[in-house]
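Subject: Structure handover

Hi,

Here is the structure I promised you. Please open it and keep it beside this email as you read.

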Amino acid sequence: MRWKFVGAVLVALTLGVALAAKPGEKAPDFRLADAGGTPYTLASFKGKPVVITFWASWCTVCKAEFPKLHRLAQEYRVPFVVISREPRDTLQVVLSYMKAYPAFLPLVAAPGDTPAAVANRFKVLGQPWTFVLDGEGRIVNLYAGRVEVEAIRDDLALAGYRGATP
């Protein structure tokens, strides 16, 4: 019975990735805000690689990988955007959670858009889902579930990362 469940999960994950926004495609646009209310769109990151992770505060995989991704964000100093796709993750929950990760840019609802709607446009089916974009907003790679830091390093190189700027 356990193997049937594991098989069903693997099929669902594979199908989810197949349906998601794909490498080479332009990422879907969005309009979300940071904690201070400053709006961000996909164009806000034009000219630089960006990592976007859809997460949830209760996600055990997110909790395990955020420290490693945060160290990478501090080292690379490119935008690491985190968007909670969990409707119950209020602004207060997101900000409290992100105190441990000051190099991340948490984006929350803005007039006319919500994190859940953005996740739907990216065709995200779970969390974490991580997208690496190049400076033109094209998807270089995506990961459904756990991601290794070395893979993100490789993707950022493909996305045009040329070293941290002071």
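Below is what was found in it.

This is a predicted model: local features need pLDDT of at least 70, side-chain atom pairs count only at pLDDT 80 or more, and totals for chains, interfaces and linings use all residues. Residues are numbered from 1 along each chain as its sequence is written, and side-chain values use heavy atoms, without hydrogens and water.

The protein chain has five helices and seven strands. These are DSSP runs, numbered from the N terminus (helices: H or I, at least four residues; strands: E, at least two). Their order along the sequence is α-β-β-β-α-β-α-β-α-β-β-α. Of the 166 residues, 48% count as buried. Buried means under 20% relative accessible area, exposed over 50%, partly exposed in between (1.4 Å probe, protein chains only).

Look at helix H5, residues 149–158. Val149, Ile152, Asp155 and Leu156 are buried there. They cover an arc of only 120 degrees around the axis, so they sit on the same side of H5. The arc is taken from the directions from the helix axis to the C-beta atoms. Gly160 follows H5 and has a positive phi, near 105 degrees.

Now the backbone. Most residues other than glycine have a negative phi, and most peptide bonds are trans. Arg77 is not a glycine, yet its phi is positive, about 55 degrees. Arg77 is partly exposed, at 49% relative accessibility. Lys123, also not a glycine, has a positive phi of about 65 degrees. Lys123 lies in the loop between H4 and E6. Pro128 is in the loop between helix H4 (115–121) and E6. A cis peptide bond links Gln127 to Pro128, with omega about -5 degrees.

Best wishes
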